[in-house]
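Me: I would like to go through the pockets of this protein. Could you take me through them one at a time?

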Amino acid sequence: MYVLGIESSCDDTCCAVVNGRRILSNVTISSLSLHKPYGGIVPEIATRNHLKFIDRVFRLAIERANIDVKDIGVVGFTHRPGLIGALVVGANFAKALSLALDKPLIGVNHLYAHLYAPFLDNRIKFPFPFIGLVVSGGHTELFFVSDFDNIKCVGKTRDDAAGEVFDKVARAFGLGYPGGWYIDKLFKEEYKDSFKFKCADLGLNFSFSGIKTALVYRKIELEKDRKLSRELIVKLLSSFQESIVKNIVDKTILAAKKYRVKTIVAGGGVVANRRLRRLLRKAAVENKLRLLLAPVTLSSDNAVTVAGLSYYLYNVKRRKSDIGIKVYSN
């Protein structure tokens, strides 16, 4: 069965085709360059570009999959969470296609789709239950996953998400957008303990706003004393990233122990962070846990994971959505 996935929750307009857990095509057109001057995503720009490119990415996905439009068996799309206008574009396109082809429609939570990324490989079995970690620009959340139709949130950010705080800090240091990429590139392990930053202790919940404020104040103090050299900036940002990443890893391991699971699955754009991947692997080995990481190429928003999860929900769990399914920003 060929399943089409549509993802339009933020700035990337994406369409993909899968056959089971085999990827046939994956097409993305990003409007990121248009948002860079503003240091973040501008919803109106994102929505207008989805309208401009959705038909093109769909046609390219079908062409590269080497199938006919009539071969599509299921239409899956992101219906939550995300920018409401952006979601509406993808939802309306998916609904129109479902009606035109008379094929089942499935709306999926794209955070759950992030957790499906490692399973787009037939060699990997589904290790239910597991702890799912999603770290992205707008989300830092922990899930207890009994199955992909039975997911419970057990921890989430109380303020800024990890990706969001990276963006804000990078903007404060004049590094550019998206900030996580620049901070990860600057990171030096030998400087990871140069400054002491601490995230709030909220059990399995996250809070990164306080550490962001502490870093900005330290930067201001150093600027007043004219001590903010290039090397000092690298030390500040390396220590800051280490604190964020270590906090995420520690809480993920804590969740695995609390819920007595042996597997951790991680996905989302920030999971591409090299230090996070390294510390997750190290912690998994030390605690005798299995770790399944989303491939870097599938860690950010994409339609492949949406298509893959749609295939699973329809064929394994026998689920489908009503044509009136709504979109939700959170």
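Predicted model: local features only at pLDDT ≥ 70, side-chain atom pairs only at ≥ 80, totals over all residues.

Me: What is the volume of the largest pocket?

Reply: The largest pocket holds about 1,200 Å³ of space. Its lining comprises 41 residues, and those closest to the centre are Ser 136, Gly 137, Gly 138, Asp 167 and Tyr 177.

Me: Which helix gives the most to that lining?

Reply: That is α5, which contributes six residues to the lining of the largest pocket. Both α5, spanning 162–172, and α6, spanning 179–186, supply at least two residues each.

Me: And how many residues of each class are in the lining of the largest pocket?

Reply: The lining of the largest pocket has 18 polar, 13 nonpolar and 10 charged residues.

Me: Let us move on. What is the volume of the second largest pocket?

Reply: The second largest pocket has a volume of about 600 Å³.

Me: Which residues lie nearest its centre?

Reply: Glu 242, Ser 243, Lys 246, Asn 247 and Asp 250 lie nearest the centre of the second largest pocket, out of 28 lining residues.

Me: Which helices each supply at least two residues there?

Reply: For the second largest pocket, these are α8 (230–258) and α9 (274–286). The most comes from α8, with 10 residues of the lining.

Me: How many charged residues are in that lining?

Reply: The lining of the second largest pocket has 14 charged residues, together with nine nonpolar and five polar ones.

Definitions and conventions. Residues numbered from 1 in each chain as written. Heavy atoms only, no water. 1 Å grid on protein atoms, 1.4 Å probe; cavity = no way out; pocket = protein on both sides within 12 Å on 5 of 7 lines; lining within 4 Å. Points joined across faces, edges and corners; volume = space filled by probe spheres on them. Helix = DSSP H or I, 4+ residues; strand = E, 2+ residues; numbered from the N terminus. Nonpolar A, V, L, I, M, F, W, Y, C, P; charged D, E, K, R; others polar.
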